[in-house]
Amino acid sequence: MNNEVVYLNGRFVAPDQASVSVFDRGFLFADSVYEVIPYYRGIGFRLQQHLDRLVHSLRAIRIQANEDWAAILDELVQRNGGGSLSVYLQVSRGSAGYRTHTYDDRMQPTVFACTSPIRDIYGEGADQVQGYHVIVTADLRWHRCDIKSTGLLPNILVLQQAREAGADEALLVRDGLLSEGTSSNLFLVRQGVLYTPKRSSEILGGTTRELILELAAEAGIPYQEVDLRPEELATADEVWISSSTRGVIPVLSIDGEPVADGRKGPLWQKMFALFTCFQHRLMTGEA
Ligand code: PDD
């Protein structure tokens, strides 16, 4: 029942009924931004935070698109069965009808959204979570990583490098500091304290990252947003990565070396339990 209906510029249609101009700037220049939003049992997880970030990205690249995003996405999810779905939403600057580097503020943006099935991670429980094996490599991206741009070539090439090395994700290093993963944020635990790279234009302000910090504050887990050096990974008690569709994932090895004893750590177990409670509150309308 998934991916039967997509949204394109005001219409809900079958994928083969949706088409975009070859001159669309999203296609030609990656002149577009996006969001990936999980829905569980038809309810958006941190939907408002995703939409706030979308507005930030749109403003940052000066695309003017004011839609009732929540209404569009909720309807799309309902039309696709309303279960556990990941929603992809992309807004490009649109098409001038020919290829040109310069753009016009009056251009009509192209709005596209589709869904794909996701696992209900919190419904399944901590035992079902597979820990990650990661590599560490150079961050080759631009300096506006706070914008969720579809220009993902550096992310894609590095993820492929990780996959070919038998790993699940790559942690990125720029100017001697860890930034984040190719599609995830990074956390490190040392002596009961949670550390994560500071928010800046060098990383994406992850909605899951923000939720982890909120839940840590509520539960009295000390945390610090700091500069992290790759050498610190070797002495970490735990390392996690986070993203919307995967939640919080323990990293079990880095460049082939185990993180601590190479097992899911106790603070991760606690954070996973806090996420599960949060999701329950969301599903029952308490959060
Ligand atoms: N990626 N950092 C990067 C570079 C990302 O692409 C993502 C998300 C995150 C985590 O953000 P959030 O917690 O809001 O999902 C961090 C999405 C899932 C993607 O590209 O598919």
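Me: How many nonpolar, polar and charged residues does the shell around the ligand have?
Reply: This is a predicted model, where local features need pLDDT of at least 70, side-chain atom pairs count only at pLDDT 80 or more, and totals for chains, interfaces and linings use all residues. Residues are numbered from 1 along each chain as its sequence is written, and side-chain values use heavy atoms, with hydrogens and water left out. Ala, Val, Leu, Ile, Met, Phe, Trp, Tyr, Cys and Pro count as nonpolar, Asp, Glu, Lys and Arg as charged, the others, Gly among them, as polar. By class, the shell has three nonpolar, 12 polar and four charged residues.

Me: Which side chain lies 2.7 Å from a nitrogen atom of the ligand?
Reply: A polar contact is a pair of N or O atoms within 3.5 Å. Tyr34 and a ligand oxygen are 2.7 Å apart, through a side-chain N or O atom. For the ligand nitrogen, the polar side-chain atom belongs to Glu180.

Definitions and conventions
Polar contact = N/O pair within 3.5 Å; in protein donor to acceptor, adjacent residues only side chain to side chain.
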